[in-house]
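Trainee: Hi! I'm new to this one, could you walk me through it?

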Amino acid sequence: MEDEQSATYTVDDALMSSGFGRYQILILSYAGVAWISEAMEMMLLSFVGPSVQLEWNLTAHQESMITSVVFVGELIGAYSWGVISDNYGRRQGFLFTAIVMSGAGLLSAFAPNYASLMALRFLVGIGLGGGPVLSSWFLEFVPAPTRGRWMVIFSVFWTVGTIFEASLAWAVMPTFGWRWLLALSSVPSFLLLLFYAITPESPRFLCMKGRITEAVDVLEKMARLNNVPMPSGRLVSDKNIELDEVSESATLLASAAAGSDGGGKEEEENDNIKEDEGSNFGGIKSVSKLLSPKLFRATVLLWLAFFGNAFSYYGIVLLTSELSNGNRICAKEEVESIHSNDSSLYKNVFISSFAEIPGSLASALMVDRVGRKLSMATMLFTACVFLFPLVFSQADILTGISLFGARLCISASFSIMYIYAPEIYPTSVRTTGIGVASSVGRIGGILCPLVAVALVHNCQQTAAILLFELVVFLSGVAVMFFPFETKGTRLNDTEADLN
């Protein structure tokens, strides 16, 4: 009886005991709807920009800004929601993102002019920046041995969103126009608000904040729904263990010194660790932890990889429509044909979206076998091979094959990146770390339409593709130098646990 009372277990132990059951399926479903919603809001940029340009007689630069302003919003949102989630809870983070994204998304459909559309899409971007919060939230409910596989399955929801948005655009745009597409694309965000009340807080976050009773309540509900017993003993977190170790060390030092102030020193050590949870105005303390000696190299390389993946992924999505149009302009010099409203645009984007299905399959097969680093590097370098034929103008069929293959590889790399990123950070700064990395990626998204796509508009396809080749290649090099391989490892709660 005494052994049971003195026994302890961690969140990882509880997750291993629970396995991946019905409780995790519900978590996956909610987070998956959020991922579908984000994918739809991003994919509609391929369709709305050309139609708005035609209706409001915008310049090519103004059209590009409709896309770029979303990424500017995401840059701000990814950082902000990450800091909020690490300080006030994962649920608080994705509640506000859903409110902003659904409200601004629906209002975008009623925008009376270019300026108001830009402002509302900027707000949508701020909401979209909360996407990494959902991925971290789901990750923190998954047992370590199957984490890679289930995170790949989670990424499939993005693919579902892209395919659904392409299908919706194909069905809605020719008849009803871009306003209806914007309105209908906001529906999944409202579903998040509808079911928000039943979502649980991350037990890892609760433990990290010392809210052990609440964490136990979540884990007990998980065990009941999965029909498995809870581990015996009391729940402890890495932070508890760290405090115990410091207390023990302080006691030993005090005894060795035989000083009467030993207890005071012990209390001072404990207070110093507790103070670590103190003021974090603007997330400055969290960001400084990301650049601490143990995390500096991983953080900087992760930023480079996120930038390259975002620049390449969204560039390939935009090139699917822009490249064929650009070739047509350069060949015929007919400005009116820049954005033809025939079904070829929707068909091309619809077909290319299916590249993400084999991309998800490839990442699922590789991520838990060969590891995160090698999987990402392989996909990125293979994308370079697929892009190379586009350095020179090609027939439509070869252009389609090249873009299909490149999107397959980049989407697979991006999926694994979203598995790897939360695994390298401790719970205390996990969503901040992913948020900042995602913000850096959004800079790639901002620059992509303004630089690479603009080159295609100006009949400089060779320069555009060479730029993509360089960015993708450097991303692959950055991945090769990542300091950690996280395959099969448990998530850390504190920086002290990092190897």
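Mentor: A residue counts as buried when its relative accessible area is under 20%, as exposed when it is over 50%, and as partly exposed in between. Keep in mind that this is a predicted model.

Trainee: Got it. So are Glu140 and Arg90 buried or exposed?
Mentor: Both Glu140 and Arg90 are buried, so each has a relative accessible area under 20%.

Trainee: And what do the side chains of Glu140 and Arg90 do?
Mentor: They meet in a salt bridge, at 2.7 Å from N to O. This pair links distant parts of the chain, 50 residues apart. Glu140 sits in the loop between helix H8 (131-139) and helix H9 (147-176), while Arg90 belongs to helix H6 (residues 90-108).

Trainee: Why would side chains pair up like that?
Mentor: Side chains that carry opposite charges can pair when their charged atoms come close.

Trainee: How many salt bridges does the structure hold?
Mentor: There are 13. One of them is between Asp217 and Lys221, at 3.5 Å from N to O.

Trainee: Where do Asp217 and Lys221 lie?
Mentor: Both are in helix H13 (residues 212-226), four residues apart, which is about one turn of the helix. Some salt bridges also share partners: Asp86, Arg90, Glu140 and Arg430 are joined that way into one network.

Trainee: Okay, what about Glu214 and Arg211?
Mentor: Their side chains meet in a salt bridge as well, at 3.0 Å from N to O. Glu214 is partly exposed, with a relative accessible area of 39%, and Arg211 is partly exposed with 33%.

Trainee: New topic! Which residues make the nonpolar surface patch?
Mentor: Phe176, Trp180, Leu184, Val187, Leu191, Leu194, Phe195 and Ile198 make a patch of about 840 Å². Two elements give two or more residues to the patch, helix H10 (178-185) and helix H11 (187-194).

Trainee: Which element gives the largest share?
Mentor: That's H11, with three residues.

Trainee: And where does Trp180 lie?
Mentor: Trp180 lies in helix H10.

Conventions: Residues are numbered from 1 along each chain as its sequence is written. This is a predicted model: local features need pLDDT of at least 70, side-chain atom pairs count only at pLDDT 80 or more; totals for chains, interfaces and linings use all residues. Side-chain values use heavy atoms; hydrogens and water are left out. Patches are made of residues with over 30% relative accessible area and no salt bridge: like charges are joined within 9 Å, nonpolar side chains (Val, Leu, Ile, Met, Phe, Trp, Tyr) within 5 Å. Accessible areas come from the Shrake-Rupley method with a 1.4 Å probe; for residues, only the protein chains shown count as cover. A salt bridge is a side-chain nitrogen of Lys or Arg within 4 Å of a carboxyl oxygen of Asp or Glu. Buried means under 20% relative accessible area, exposed over 50%, partly exposed in between (1.4 Å probe, protein chains only).
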